[in-house]
Amino acid sequence: FLGIKVPIQRKIAKNYIDLSFNDLQMLLDSKIHEHRLIALIILVNKYNKAKKDATKKRQIFDFYLKNTNNINNWDLVDLSAPNIVGDFSSIDGTEIIRFLAKSKNLWEKRIAIVSTHSFIKKRIFGETLAIADILLKDEHDLIHKAVGWMLREVGKRNIEVLEIFLKERYKEMPRTMLRYSIEKFPEEKRKAYLKGEI
């Protein structure tokens with residue numbers, strides 16, 4: 001870590017939106033966190049700039065997937081996955097998200113669930129629920145938090161959909177996942193879920 005704050009990194013990235021894939025690869029291969037983060041901000045900016053150019057979007061998407069080993073921290077995933085993997089999958093199909101969810105790689109699994117935020121924003125919840133099911137018994141805390149976060153986002157838009165999902169599963173969910181998913185519930189209902197009394 002160099003200790004550079006994210007707003008400053010975003011300003012730097014804006015000046016280098018035309019950086020080549022070769023140069024971005026050098027940044028993503030770096031051991032320095034900020035180098036990788038700036039590369040991903042540039043990639044997201046490139047993707048957004050491509051707008052309706054499906055060929056450019058596909059190039060960025062493919063480049064991103066080739067670099068999942070370098071997208072190896074929660075903030076790197078959360079900043080980039082919905083904007084690239086999530087958005088492109090909404091056009092191209094969700095097979096890749098389900099493939100990543102079954103990976104042995106922690107960060108690919110987090111990419112899978114966090115990328116569904118793109119669907120949630122469009123009020124499409126099925127993909128999030130399907131990936132949450134795949135990851136329901138994952139052992140890693142960072143996956144518990146990510147799944148709980150996405151479930152909470154579903155609940156913000158449709159509490160009934162979230163509760164239908166939870167009622168069949170909440171007793172087997174990891175505690176952290178459950179806590180995150182019900183964070184916005186009324187206090188009494190939240191306590192009932194935590195006590196297993198629903």
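Which residues in α2 meet which residues in α3? The close-ups below start there and then move on to other spots in this predicted model.

**View 1. Helix α2 meets helix α3.** From α2, the residues taking part are Phe21, Leu24, Leu27 and Leu28. Their partners in α3 are His35, Arg36, Ala39, Leu40, Ile42, Leu43 and Lys46. Sorted by class, this contact of α2 with α3 brings together eight nonpolar residues, one polar residue and two charged residues. Two packed helices are described by the angle between their axes and the distance between the axes. Here α2 covers residues 21-28 and α3 covers residues 33-50, and their axes come within 7 Å and cross at roughly 145 degrees.

View 2. Look for Ile8, Ile12 and Tyr16, which make a nonpolar surface patch of about 270 Å². Isoleucine 8 belongs to helix α1, residues 6-14. Is isoleucine 8 buried, partly exposed or exposed? Its relative accessibility is 46%, so isoleucine 8 counts as partly exposed, because that class lies between the limits of under 20% for buried and over 50% for exposed.

**View 3. The buried residues of helix α9.** Helix α9 runs over residues 126-134, and its buried residues are Glu127, Thr128, Leu129, Ile131 and Ala132. What covers these buried residues of α9? The cover includes α6 (95-101), α7 (106-115) and α8 (117-120), along with α10 (141-157) and α11 (159-169).

**View 4. Lysine 109, a buried lysine.** Lysine 109 counts as buried because its relative accessibility is 12%, and the buried class means under 20%. With neighbours within four places in sequence left aside, lysine 109 is in contact with Leu100, Ala101, Ser103 and Lys104, and also with Leu135, Asp138 and Ile143.

**View 5. Two loop residues with positive phi.** Lysine 51 sits in the loop between α3 and α4, the latter being residues 54-66. Phi of lysine 51 is near 50 degrees, a positive value in a residue other than glycine. Is lysine 51 buried or exposed? At 60% relative accessibility, lysine 51 counts as exposed, because exposed means over 50%. Arginine 123 lies in the loop between α8 and α9. Phi of arginine 123 is near 65 degrees, which is again a positive value in a residue other than glycine.

Definitions and conventions
Residues numbered from 1 in each chain as written. Predicted model: local features only at pLDDT ≥ 70, side-chain atom pairs only at ≥ 80, totals over all residues. Heavy atoms only, no water. Axes fitted to C-alpha atoms, helices over the stretch in contact; angles between N-to-C directions. Helix = DSSP H or I, 4+ residues; strand = E, 2+ residues; numbered from the N terminus. Contact = heavy atoms within 4.5 Å. Nonpolar A, V, L, I, M, F, W, Y, C, P; charged D, E, K, R; others polar. Patch = residues over 30% accessible without salt bridge, like charges linked within 9 Å, V, L, I, M, F, W, Y side chains within 5 Å. Areas by Shrake-Rupley, 256 points an atom, 1.4 Å probe, with all protein chains shown as cover. Salt bridge = Lys/Arg side-chain N within 4 Å of Asp/Glu carboxyl O. Buried < 20%, exposed > 50% of the residue type's maximum accessible area, 1.4 Å probe, protein only.
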